[in-house]
Amino acid sequence: MTSSPKETTKTGNGVESLPRLAALLETSHEITGKLELGELLEAVALRAQDLVRCDGVTLYLIEDEILRPIVCYEEYAEEVLSTPLKLGEGVSGSVAVTGEAEMVNRVDLTGRGFLIPGTPLDPESLLCAPLKYKDEVIGVLTLNRLGEWEFTSADLEFTKGLASLAAAAIHSARLYERLADSERNYRTLFNSIGEAVFVHDPETKRLLDASDSAVRRYGYTRDEILNMTILDLHPEEEQESRELHVPANIQDGVTHYRGIHHRKKDGTLIDVTISAVDIELRGRPARLALAVDVTEWHRIFRELEQARKLESVGLLASGIAHNLNGPLAGIQGFAELLRATHPGLVELDLILKQVYKINEIVRTLMLKARNQQEQKSRNIQINALLRTELSFLEANLFFKHEVEKSYEFDPMLPEVRAVYGDLSQALLNIINNAIDAMRDSPRRLLQVRTRHADGQIIIEIEDSGIGMSEEVMSRIFEPFFTTKPPPDGEQFQGPTGTGLGLSASGQFLARYKGKIEVRSRVNQGSVFTIILPSAKQAEAEQPPGEEFTVA
Ligand SMILES: Nc1ncnc2c1ncn2[C@@H]1O[C@H](COP(=O)(O)OP(=O)(O)OP(=O)(O)O)[C@@H](O)[C@H]1O
Ligand SMILES: [Mg+2]
């Protein structure tokens with residue numbers, strides 16, 4: 001392949017000439033700079049061909065006890081590359097076994113050569129040097145010259161030097177590849193975690209790495225993160241907090257922190273729990289912290305707490321109502337007695353009127369408490385349920401004094417079979433939303449209508465409030481979707497929300513094959529239509545229960 005042989009430098013008995021040493025040094029610079037194995041092997045082969053001057057060069061690597069040709073420059077390269085050698089096979093194979101370089105001139109006359117299938121048996125000389133790293137042969141560099149052109153001992157020495165340089169470079173490139181592989185594995189693992197993961201220097205606190213989800217969730221770019229410390233993720237006033245510096249517990253080498261807040265780039269605060277472990281990153285100690293966003297969980301927890309409190313307040317209220325009954329009956333009895341004896345006393349009528357009112361309140365309170373406690377399905381009169389709920393809402397002063405009401409209840413409304421609390425909660429959530437929507441409206445009219453058709457009960461709750469855009473309307477049944485500020489916001493007087501009302505209503509009604517339909521116009525108001533099968537209809541649709549006898 002190469003042009004005619006021409007020794008440019010005169011060489012003598014194993015003593016290298018200066019230009020060859022310089023070339024070796026230059027080669028060393030070139031190949032040790034290459035970290036990609038394929039590229040490195042090609043550079044070694046080309047350099048060998050260029051510096052030693054020969055007709056062909058083949059670079060073999062030992063893989064699974066086989067000498068595999070990786071790079072070959074010569075006329076029959078294709079044949080050579082498709083012929084792996086066994087250890088011990090031919091001169092290259094035997095060098096792979098002995099680990100000693102060999103120069104065999106006119107190999108065709110010695111019978112030591114291995115004839116590669118598809119190539120002619122031409123006169124040829126071989127120079128094979130082992131690629132040896134710390135006594136381990138990892139491959140063989142094989143050069144050949146054709147015809148009468150033979151190798152010299154100077155060529156042998158030079159090639160040995162080149163081969164040992166190449167072996168060291170191959171070893172580094174392989175190490176680098178393995179490192180790059182493990183770095184890739186680490187990255188893949190790191191980025192496959194759905195929660196945010198940060199790595200920081202435990203001494204300087206500087207952030208060294210962040211997972212893709214950390215970048216996505218926090219809104220910072222990776223570069224911004226790499227210019228921050230782990231403390232910058234926390235609100236300033238909490239950077240010295242006890243929670244941040246005293247772990248909640250340490251288990252199996254993992255340190256857990258609770259009650260921590262992180263601030264996203266847009267300023268939003270989130271509740272997080274942190275689990276941290278000490279690791280080594282690129283040879284240096286580092287700390288990996290998994291930050292789990294628990295904001296949503298905390299919100300649900302607060303909701304449940306609130307519900308529990310309300311439940312106990314409800315129980316307390318029904319107890320009080322019960323205890324009021326006695327004294328109230330006393331007042332009523334004496335007042336009625338007085339009226340009989342002093343028929344002219346107008347004030348007495350006024351007192352009695354108030355007493356009847358209190359009586360009514362106490363009665364509904366007890367009824368509601370009892371209904372609310374029920375867990376079993378029964379036939380329910382929706383009109384009565386609505387009346388009770390609406391009369392309770394009168395405790396809300398905005399509703400009582402500032403909302404006009406119009407109720408139209410169908411006197412022939414069939415009953416619905418359900419757990420009372422499910423229906424009252426489902427309807428109350430919708431009515432509460434209607435009241436909230438009218439907080440700032442010029443006209444505040446709440447209309448509640450019931451009617452029936454084809455065995456279905458239809459309840460319409462209409463408000464003249466702010467209404468909803470298409471976009472809002474498409475999301476209102478999603479849990480946690482809300483356009484209202486959270487309930488724990490300080491000093492806020494207006495409506496607040498958790499975004500659970502409608503999703504809960506939907507779930508409650510679905511238990512009874514109920515549906516909710518919504519119509520709304522921005523700044524005009526909204527109509528929520530609830531359609532429920534009547535008890536009779538539900539019974540008719542119910543598949544007949546399995547009959548069985550107990551013996
Ligand atoms: N009648 C209505 N008029 C205008 N918007 C409404 C109405 N009903 C619901 N919405 C919109 O739907 C959203 C979700 O309602 P949902 O009842 O699920 O949650 P919320 O009222 O925000 O909070 P809460 O959990 O306290 O009920 C509301 O935030 C509001 O934007
Ligand atoms: Mg609501």
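Why is Ser-406 classed as exposed? Ser-406 has 10 other C-beta atoms within 10 Å, and a residue counts as exposed if 12 or fewer other C-beta atoms, placed from the backbone, lie within 10 Å of its own, as buried if there are 20 or more, and as partly exposed in between.

This is a predicted model, in which local features need pLDDT of at least 70 and side-chain atom pairs count only at pLDDT 80 or more, while totals for chains, interfaces and linings use all residues. Residues are numbered from 1 along each chain as its sequence is written, and chains are lettered from A and ligands numbered from 1 in the order in which they are written.

**View 1. Ser-406 in strand β14.** Ser-406 is found in strand β14; strands (E, at least two residues) and helices (H or I, at least four) are DSSP runs, numbered from the N terminus. Ser-406 touches Leu-445 and Gln-447, not counting residues up to four places away in sequence; contact requires C-beta atoms, placed from the backbone, within 7 Å. The C-alpha atoms of Ser-406 and Phe-481 are separated by 29 Å, and these two residues are 75 apart along the chain.

**View 2. The open sheet that includes β14.** Five strands form an open sheet in the order β14-β16-β17-β19-β18, with mixed pairing; two strands pair if DSSP finds at least two bridges between them. At the edges stand β14 (404-408) and β18 (515-521), each of which pairs on one side only. From one strand to the next the twist averages 10 degrees. Strands β17 (residues 456-463) and β19 (residues 525-533) run antiparallel and are joined by 8 bridges, and Gln-456 has Pro-533 in β19 as its bridge partner.

**View 3. Helices lying across the sheet.** Helix α12 (residues 382-393) lies across β16 (445-453) and β17, at about 165 degrees to β16. Such angles run from 0 to 180 degrees between N-to-C directions, with axes fitted to C-alpha atoms, for helices over the stretch in contact. Helix α14 lies across β16, β17 and β19, and runs at about 20 degrees to β17.

**View 4. The hairpin of β5 and β6.** Strands β5 and β6 form a hairpin with 2 residues between them, and Lys-134 in the turn has a positive phi of about 50 degrees. The two strands run antiparallel and are joined by 10 bridges. Of the 10 residues in β5 (residues 124-133), 9 are buried.

**View 5. The largest nonpolar core.** This core has 41 residues, and those with the most contacts inside it are Val-44, Ala-48, Val-140, Leu-141 and Ala-166. A nonpolar core is a set of buried Ala, Val, Leu, Ile, Met, Phe, Trp, Tyr and Cys residues joined through C-beta atoms within 7 Å. Helix α6 gives the most to this core, with 10 residues. Ala-166 touches Ile-31, Val-44, Leu-131 and Leu-141, not counting residues up to four places away in sequence.

Terms used: Contact = placed C-beta atoms within 7 Å.
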